[in-house]
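Keep the model open beside you as you read.

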Amino acid sequence: MKVKSLQIRDFRNIEAMEFEPSEGVNVIFGENAQGKTNLLEAIWLFTGMRSFRNTREKNLIRFGEERSVLTMEYFNDVREQQAEITIQDKKSLVLGGVKKPSASSMVGEFLGTVFSPNHLELIKGGPGERRKFVNQALSELRPGYANRLMQFHKILQQRNTLLKDLKYHSELLETLDIWDETFASLSAYLIRERRKYLEQLMPHLQNFYSGISSGREQIEASYITGFPLEGNDASQWREPIIRTLQEHREEDILAGFSTVGPHRDDIQITLNGLSVKNFGSQGQQRSCALSMKMAEAAVIRQITGKQPVVLLDDVMSELDSSRQDYILNHIEGWQVFLTCCEPSGILLSKQSEKGNLFEIKGGCLCSST
């Protein structure tokens with residue numbers, strides 16, 4: 001994947017911008033609140049995923065305007081393509097001159113991975129943050145997973161509604177078995193795909209973290225589920241899942257929601273056997289989160305054969321020179337968009353080899369080299 005050009009109109013604090021990046025490392029620098037992250041966010045939206053800043057779509061539109069328009073020309077490793085996203089009441093997409101049902105139609109068309117300070121919650125936050133990481137990665141790689149995940153959440157909502165009603169209508173108890181059948185099938189699918197993804201992620205994760213930590217620590221990522229599942233054959237998991245649901249039935253009815261399932265599973269991340277969330281330093285947590293995201297990019301390339309663009313928002317500020325140097329050497333040959341307040345000597349040397357340096361002020365690109 002290579003971004004050839006990007007035109008932005010009325011997006012966040014950017015009134016109008018034409019951006020032509022290099023195929024290598026693009027260093028975007030400037031003071032805080034000038035629009036650096038907004039530029040990365042505009043690129044990210046072409047993956048078809050939601051903003052990595054967890055914001056409402058109306059907040060993407062420049063204050064006082066009715067809509068935002070983003071137009072990108074990119075090379076998808078096969079041919080050059082053009083896509084246009086219009087953000088108004090919702091996002092709409094025109095891809096290759098053809099109007100698509102929604103901006104989510106870009107999933108799989110333009111591939112990328114992003115790291116921002118918010119992604120530290122991948123390590124420091126609750127299980128939902130780690131499930132979100134895997135769900136988003138799988139949804140980008142396998143649209144079928146996104147559909148099954150949506151089905152699961154619908155079944156989960158219906159099952160929870162029934163559990164609440166059972167407190168007052170015990171005659172509905174028999175219908176719970178019907179919901180549990182579908183719940184079990186979808187749970188087995190989601191858990192299998194998540195486990196498989198972590199197996200693919202682990203070699204890249206360990207390789208990258210070993211490099212960034214100079215081999216001082218061993219990282220592991222393990223899938224934790226409330227179901228007693230053995231082996232890798234998901235077709236054999238249905239019965240133990242249903243049995244576990246029955247064992248938790250009384251607890252579920254009292255709680256009024258499903259207390260066990262893939263919606264409550266977690267990924268345990270450890271360094272030398274100890275939880276990074278509970279025992280890791282801030283530097284270790286940051287390095288682990290970054291390693292997870294870089295491993296994500298490597299898995300995308302492994303599965304699709306296409307190199308995703310990499311968006312790194314304020315990554316270098318808390319890393320020493322050796323870690324900065326490792327990251328920049330590791331992404332050799334990738335198209336990278338990297339923001340910082342003031343480029344370091346390492347960034348300047350890397351950019352000068354094959355890349356561009358862009359300064360942004362008040363939502364405007366004011367220089368490039």
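Start with E73, which is partly exposed at 33% relative accessibility. On the scale used here, buried means under 20% relative accessible area, exposed means over 50%, and partly exposed is in between, with a 1.4 Å probe and protein chains only. Before going on, a word on the ground rules: this is a predicted model, where local features need pLDDT of at least 70 and side-chain atom pairs count only at pLDDT 80 or more, while totals for chains, interfaces and linings use all residues. Residues are numbered from 1 along each chain as its sequence is written, and side-chain values use heavy atoms, with hydrogens and water left out.

Back to E73, which sits in strand 4 (residues 68-75). Strands (E, at least two residues) and helices (H or I, at least four) are DSSP runs, numbered from the N terminus. Together with E18, E20 and E80, E73 makes up a surface patch of negative charge. Patch members have over 30% relative accessible area and no salt bridge, with like charges joined within 9 Å and nonpolar side chains (Val, Leu, Ile, Met, Phe, Trp, Tyr) within 5 Å. The areas come from the Shrake-Rupley method with a 1.4 Å probe, and for residues only the protein chains shown count as cover. As for charge, Asp and Glu are negative and Lys and Arg positive, while His and the chain ends are not counted. A charge is placed at NZ of Lys, CZ of Arg, CG of Asp or CD of Glu.

Now follow strand 4 to its partners. Strand 4 pairs with strand 1 in the antiparallel sense over 7 bridges, and V3 stands opposite Y74 there. Two strands count as paired if DSSP finds at least two bridges between them. How enclosed is strand 1 (residues 2-11)? Largely so, because 7 of its 10 residues are buried. Strand 1 also pairs antiparallel with strand 2 (residues 14-19), this time over 5 bridges, with L6 opposite F19. The hairpin of strand 1 and strand 2 has 2 residues between the strands, and R12 takes a positive phi near 55° in it. D10, in strand 1, has a positive phi of about 55° too, although D10 is not a glycine. At 12% relative accessibility, D10 is buried.

On the way from strand 4 to strand 5 (80-87), you pass D77 in the loop. That hairpin has 4 residues between the strands, and D77 takes a positive phi near 75°. D77 is partly exposed, at 34% relative accessibility. Strands 4 and 5 run antiparallel and are joined by 8 bridges, and S68 has I87 as its bridge partner. Then a hairpin of 3 residues leads from strand 5 to strand 6. Strand 5 and strand 6 (residues 91-95) pair antiparallel over 5 bridges, with I85 partnered by L93.

Strand 10 (residues 266-271) meets strand 11 over 2 bridges, and L271 is partnered by L274.

What about the charged pairs? The whole structure has 19 salt bridges, each a side-chain nitrogen of Lys or Arg within 4 Å of a carboxyl oxygen of Asp or Glu. One of them joins K4 and E23 at 3.6 Å, N to O. K4 is in strand 1 and E23 in the loop between strand 2 and strand 3 (25-29), so the pair ties together parts 19 residues apart in sequence. Another joins E41 and R53 at 2.9 Å, N to O; E41 belongs to helix 1 (residues 36-44), and R53 to the loop between helix 1 and strand 4. Which side of that pair is buried? E41 is, at 0% relative accessibility, whereas R53 is partly exposed at 28%.The side chains of R238 and E181 also meet in a salt bridge, at 2.0 Å, N to O. Within helix 7 (residues 249-255) you'll find D252, which is buried with a relative accessible area of 0%.
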